[in-house]
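Take a look at the model below.

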Amino acid sequence: MPSLSPTRPLFLSLRRGPLGMTKRRPSWLILDRVGHRCRWHDEIVQGDATLSTTTSDCVGRPIRASVRVADAPAVSRLYLHCSGRRGIQSIAGLVEPAVIAAHRNSILFQASVPFKDPASWKYASCFPIDYFVYSCSSSSPPSLTRLPPFLREDPSTQPDFENVCQPYRWERQRLMLDQEMGLLCHGDDGEFTVADITHRFYWGFELCLLHHPPSGSGTPMQWMVKKLLIPPEMGPNLSLWRTDTVVPISGRLCWVDYYQGLLLINVVLLDSETSSDQQELHYIPLPSEALQWGRVYIDAFSTDPFRCVCVTDADIIKLVCIITDDSPSAFTITTWTLVDICPGKWEKDIDNTMEASEFWSLCDAQCLPQVIPSLPVVSMVDPDVICFLLKEDRHISWMIEVNMKNKVLQTSALYISEEDEDEEGYSSKKTHRNSFDCHYFLPSKFSSYLSKDAITR
């Protein structure tokens with residue numbers, strides 16, 4: 001099971017200085033992948049519109065979620081409020097919740113769940129993983145839905161150990177990697193689909209699907225597995241394929257390899273008896289210029305930090321590449337727009353290209369570090385605006401928002417890699433903090449679906 005860094009990032013906008021709270025509804029959010037686990041009443045603000053209804057984890061402990069909302073480029077953060085024994089928060093090796101995907105009014109995340117018996121908490125690496133979909137609506141408080149586990153047939157050779165690890169060990173769950181999972185909301189009554197293609201073969205993929213039916217239908221959720229044959233003439237090299245991200249595009253989910261292309265799958269219709277697998281698959285190679293460079297950044301559980309594919313709220317599909325040369329001081333930021341999805345036609349955004357010298361002049365004007373930007377995120381409301389991470393040193397990083405067409409650095413926010421929950425303000429002194437582990441960020445329109453304005457910080 002890939003582990004997540006236990007660091008607890010916090011973004012503070014330079015526009016607001018010390019922490020403050022107002023009620024407003026940001027047009028879009030940048031979600032931090034690493035969430036925060038806290039006790040039942042901690043971090044809850046009276047009147048917070050993001051606080052979900054209560055559900056339970058696989059052990060039966062009550063649980064609910066909320067989001068600490070911030071204006072982009074500051075990063076918003078998921079909070080998981082857990083009930084149960086006080087010692088849970090101090091379990092050695094217990095990782096923080098991880099946000100996996102976001103679409104429309106919903107967020108998919110995972111959480112490690114301590115076993116029932118506190119005597120078995122020393123086996124934290126074996127804790128089961130729960131998957132939740134956290135959704136909001138304009139007419140009711142946000143809901144929290146726990147997905148059923150996908151358990152494999154795995155007869156234990158250690159029955160005594162199995163009895164200690166209740167309800168089950170994570171090894172009994174089907175392996176699903178975060179970067180291989182996607183979330184697609186559809187319909188008008190709470191329907192969504194979760195899909196995964198972690199298991200790949202020379203002939204194609206095993207697509208793992210779970211459909212959440214309309215509210216009140218009474219139909220239980222159940223995982224299913226469908227084999228997808230990928231014809232060689234379709235294009236992707238499956239032996240080299242690495243999924244960097246999964247994004248929803250025009251009613252479909254799209255698995256993206258930042259150095260090959262986009263594989264679109266109609267996960268809603270794929271389990272229909274009348275559908276053909278080939279009719280529900282579509283592959284789009286990256287523009288030829290973006291294919292001239294091979295994958296440099298290789299990490300088993302991390303996406304490439306110098307490329308991204310994002311989809312705006314208007315379904316505009318953008319590719320961003322931060323192309324570096326041999327010199328550490330030379331890079332070019334280049335973007336493309338997918339102008340026709342059927343033939344897979346990309347168009348280079350000539351006016352949005354930016355060289356290192358021009359980018360650093362914008363940073364220098366605001367006393368920001370002159371470093372190579374990473375982890376680009378395209379604004380969901382303006383396709384010409386991109387947010388970047390600037391890593392100043394091991395302990396200090398910044399998020400900035402740049403209008404690539406107008407060549408303007410619009411705003412910035414400081415990233416602090418350690419959170420003091422009792423602190424009411426932030427000292428500008430560069431004290432020691434845990435380092436940033438280069439996890440990626442997710443754009444979301446979650447806040448625009450809330451029943452009332454969220455409390456922003």
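Start at L375, in strand β26, which covers residues 374-378. This is a predicted model. L375 is not a glycine, yet its phi is positive, at about 45°. Most residues other than glycine have a negative phi, and most peptide bonds are trans. Is L375 buried or exposed? At 5% relative accessibility, L375 counts as buried, because the cut-off for buried is under 20%.

Now find K407. Its phi is also positive, near 60°, and K407 is not a glycine either. K407 sits in the loop between β28 (396-403) and β29 (408-416). Its relative accessible area is 22%, so K407 is partly exposed.

Next come two cis peptide bonds. One runs from A72 to P73, with omega near 15°. P73 belongs to the loop between β6 (62-68) and β7 (77-82). The other runs from Q166 to P167, and its omega is near 15°. Look for P167 in the loop between α1 (159-164) and β12 (181-186).

Step back to the whole protein. How many helices and strands does it have? There are two helices and 31 strands. The protein has 457 residues, and 55% of them count as buried. Take the contacts between residues at least 6 apart in sequence: 60% of these join residues at least 24 apart. The protein exposes about 19,400 Å². Carbon and sulfur atoms supply 49% of that area.

Now for the rings. The count of aromatic pairs is nine. One of them joins F115 and F127, with ring centres 5.1 Å apart.

Another pair is F331 and W360. Their centres lie 5.4 Å apart and their planes are at 75°, so this pair is edge-to-face. F331 is in strand β23 (residues 331-340), while W360 is in helix α2 (residues 356-365). The two are 29 residues apart and link distant parts of the chain. F331 and W360 are buried. Ring pairs also join F331, F359, W360 and F388 into a cluster.

Finally, look for charges over rings. The charged end of R307 sits over the ring of Y259, 4.1 Å from its centre. R174 lies over the face of F150, 5.5 Å from the ring centre.

How values were computed: Residues numbered from 1 in each chain as written. Predicted model: local features only at pLDDT ≥ 70, side-chain atom pairs only at ≥ 80, totals over all residues. Heavy atoms only, no water. Helix = DSSP H or I, 4+ residues; strand = E, 2+ residues; numbered from the N terminus. Buried < 20%, exposed > 50% of the residue type's maximum accessible area, 1.4 Å probe, protein only. Contact = heavy atoms within 4.5 Å. Areas by Shrake-Rupley, 256 points an atom, 1.4 Å probe, with all protein chains shown as cover. Phe/Tyr/Trp six-rings, centres within 6.5 Å; stacked < 30°, edge-to-face > 60°. Lys NZ or Arg CZ within 6 Å of the ring centre and 35° of its normal.
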